[in-house]
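Please look over the sequence and the structure below before reading on. The report that follows goes from single elements to the whole chain.

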Amino acid sequence: YPKTHPTEITCWKGFAWVGLLATHSTPVCAKMPRLIEITYVIGESNPMVTILLTHRDCLSHVTPEGMPESGNRLRRIHDALDHPQFDELERHSAPLCEESDILLVHSPNYLERVKSSIPTDLEFVLLDPDTYLSPYSLAAAYRAVGASVNAIDKVISGEATNAFCAIRPPGHHARFENAMGFCIFGNAAIAARHAIERHGMS
């Protein structure tokens with residue numbers, strides 16, 4: 001990942017990590033990040049294989065003009081990763097998550113509320129004062145969760161040494177039954193819970 005973007009990480013068992021991309025010089029704590037989220041994990045495979053997980057659906061989550069969380073964040077990352085220094089980066093399409101992944105950290109009632117709130121004839125619907133839904137936000141959110149979970153799977157299986165997920169909407173503020181701070185689902189928490197419950201991490 002670009003070295004100009006320092007990160008703060010949380011770690012379990014010493015080799016599977018989930019973190020957040022910061023765009024300032026001081027690392028941010030995992031519970032209080034600010035900008036676009038990147039979920040990544042680091043493993044022990046040799047030789048080192050880095051994969052990128054992303055999907056164009058993540059750009060279909062549209063927010064009102066002037067919002068600090070917008071598709072331009074992801075476009076900037078894609079532009080940076082088009083540099084020749086990243087030519088050896090393996091690029092993978094982020095899969096759609098299963099709803100059971102979301103339910104690792106969110107209530108069924110909240111998931112149904114998000115699904116039923118997706119606008120069809122309106123441009124935007126507010127989930128909280130900062131978090132908007134647009135007509136294609138659900139697909140984007142499922143890709144973001146799917147990338148985070150798939151990154152864990154690929155590293156723990158040894159398919160990759162580390163994984164970089166360029167995704168949106170972000171997912172580090174969402175609560176058990178609420179959206180928060182631009183985040184629909186808790187991508188980072190879901191990835192961590194997936195590692196614990198489905199891979200026996202602690």
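## Strands, helices and the chain

Strand E4 (residues 50-54) and strand E5 (residues 90-93) pair in the parallel sense, with 4 bridges between them. Strands count as paired if DSSP finds at least two bridges between them. Helices (H or I, at least four residues) and strands (E, at least two) are DSSP runs, numbered from the N terminus. Isoleucine 51 has glutamate 90 in E5 as its bridge partner. From E4 the chain passes through helix H1 (residues 71-81) to reach E5, a β-α-β crossover that is right-handed. Right-handed here means that, with the strands pointing away from the viewer, the path from the first strand over the helix to the second runs clockwise.

The model is predicted: local features need pLDDT of at least 70 and side-chain atom pairs count only at pLDDT 80 or more, while totals for chains, interfaces and linings use all residues. Residues are numbered from 1 along each chain as its sequence is written, and side-chain values use heavy atoms, with hydrogens and water left out.

Two helices can be set side by side. The expected span of a helix is 1.5 Å times one less than its number of residues.

| Helix | Residues | Length | Span between end C-alpha atoms | Expected span |
|---|---|---|---|---|
| H4 | 137-156 | 20 residues | 29 Å | 28 Å |

Buried means under 20% relative accessible area, exposed over 50%, and partly exposed in between (1.4 Å probe, protein chains only).

The buried residues of H5 are Asn187, Ala188, Ile190, Ala191, His194 and Ala195. Viewed down the axis of H5, they fall within an arc of 165°, so they line one face of the helix. This arc is taken from the directions from the helix axis to the C-beta atoms. Just after H5, glycine 200 takes a positive phi of about 75°.

Lysine 115 lies in helix H3 (residues 108-117). What is lysine 115 in contact with, leaving aside its neighbours within four places in sequence? The partners are Glu99, Leu138 and Tyr142, where contact means heavy atoms within 4.5 Å. With 30% relative accessibility, lysine 115 counts as partly exposed.

Overall, the chain has 5 helices and 8 strands. Of its 202 residues, 48% count as buried.
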